[in-house]
Amino acid sequence: SVVDLSTGERNEIVLDKSSGTITSTYTGETINAEATTSGGATARSTRAAKKSTVYKYSWKQIRDLVGGAGGVAGIVAGIMALTGVGAVSAPVVAAIAGIIGGIGSVIPDDPNHGIKVTVQNNNNPLPQSPQKTITSVWVY
């Protein structure tokens with residue numbers, strides 16, 4: 001859940017792995033999670049010691065998920081749901097905050113520009129270790 005501290009409004013972006021959908025209370029929409037990683041987003045895998053994948057999400061995709069005035073917390077929650085990452089580090093949140101500060105308070109309805117996210121798959125057998133980590137975020 002994401003709570004707006006000034007208004008107390010609570011929103012959620014929920015990934016349902018069994019049905020393959022993402023539901024947003026920001027917009028009231030349910031989207032197909034598979035479409036966000038195959039047709040809707042571009043994913044490119046790279047070979048390294050740990051496998052990483054680069055995802056591209058357009059401003060339009062993000063806006064459709066969190067609404068036009070989605071704040072940093074909403075955008076972070078949306079990216080977490082789209083990528084399947086369970087937690088995000090403070091530097092990643094700071095990078096997203098910087099990006100949002102650069103585009104202004106309104107998310108553009110632009111299908112040609114957006115955010116690229118690198119997700120690293122951690123093959124660590126320890127259950128408390130995150131299985132996926134966002135390692136970088138930038139605009140395209």
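Is Asp64 buried, exposed or partly exposed? With 38% relative accessibility, Asp64 counts as partly exposed (buried means under 20% relative accessible area, exposed over 50%, and partly exposed in between, with a 1.4 Å probe and protein chains only). Welcome to this predicted model, in which local features need pLDDT of at least 70, side-chain atom pairs count only at pLDDT 80 or more, and totals for chains, interfaces and linings use all residues. Residues are numbered from 1 along each chain as its sequence is written, and side-chain values use heavy atoms, leaving out hydrogens and water.

**Salt bridges**

- The structure holds two salt bridges (a side-chain nitrogen of Lys or Arg within 4 Å of a carboxyl oxygen of Asp or Glu).
- One of them joins the side chains of Asp64 and Lys60, at 3.3 Å from N to O.
- These two residues are four apart in helix H2 (residues 59–66), so about one helical turn separates them; helices (H or I, at least four residues) and strands (E, at least two) are DSSP runs, numbered from the N terminus.
- Lys60 is partly exposed too, at 32% relative accessibility.
- Lys60 also meets Asp109 in a salt bridge, at 3.9 Å from N to O.
- That pair links distant parts of the chain, 49 residues apart: Asp109 lies in the loop between helix H4 (90–103) and strand S8 (114–121), while Lys60 is in helix H2.
- Together, Lys60, Asp64 and Asp109 form a network of salt bridges.

**The three-stranded sheet**

- Three strands make an open sheet in the order S3-S4-S5, with antiparallel pairing (two strands pair if DSSP finds at least two bridges between them).
- Strand S3 (13–16) and strand S5 (30–32) are the edge strands, each pairing on one side only.
- S3 and strand S4 (residues 21–24) are joined by four bridges, and Val14 stands opposite Thr23 in S4.
- Helix H3 (residues 72–83) packs on the sheet and touches S3, S4 and S5; contact means heavy atoms within 4.5 Å.

**The nonpolar core**

- In soluble globular proteins, nonpolar side chains tend to be buried together.
- Here the largest nonpolar core has 26 residues (a set of buried Ala, Val, Leu, Ile, Met, Phe, Trp, Tyr and Cys residues joined through side-chain atoms within 4.5 Å).
- Ile62, Ile75, Ile96, Ile115 and Ile134 have the most contacts inside this core.
- H3 gives the most to the core, with six residues.
- Leaving aside neighbours within four places in sequence, Ile75 is in contact with residues including Ile62, Ile96 and Ile115.

Technical notes. Axes are lines fitted to C-alpha atoms, for helices over the stretch in contact, and angles run from 0 to 180 degrees between N-to-C directions.
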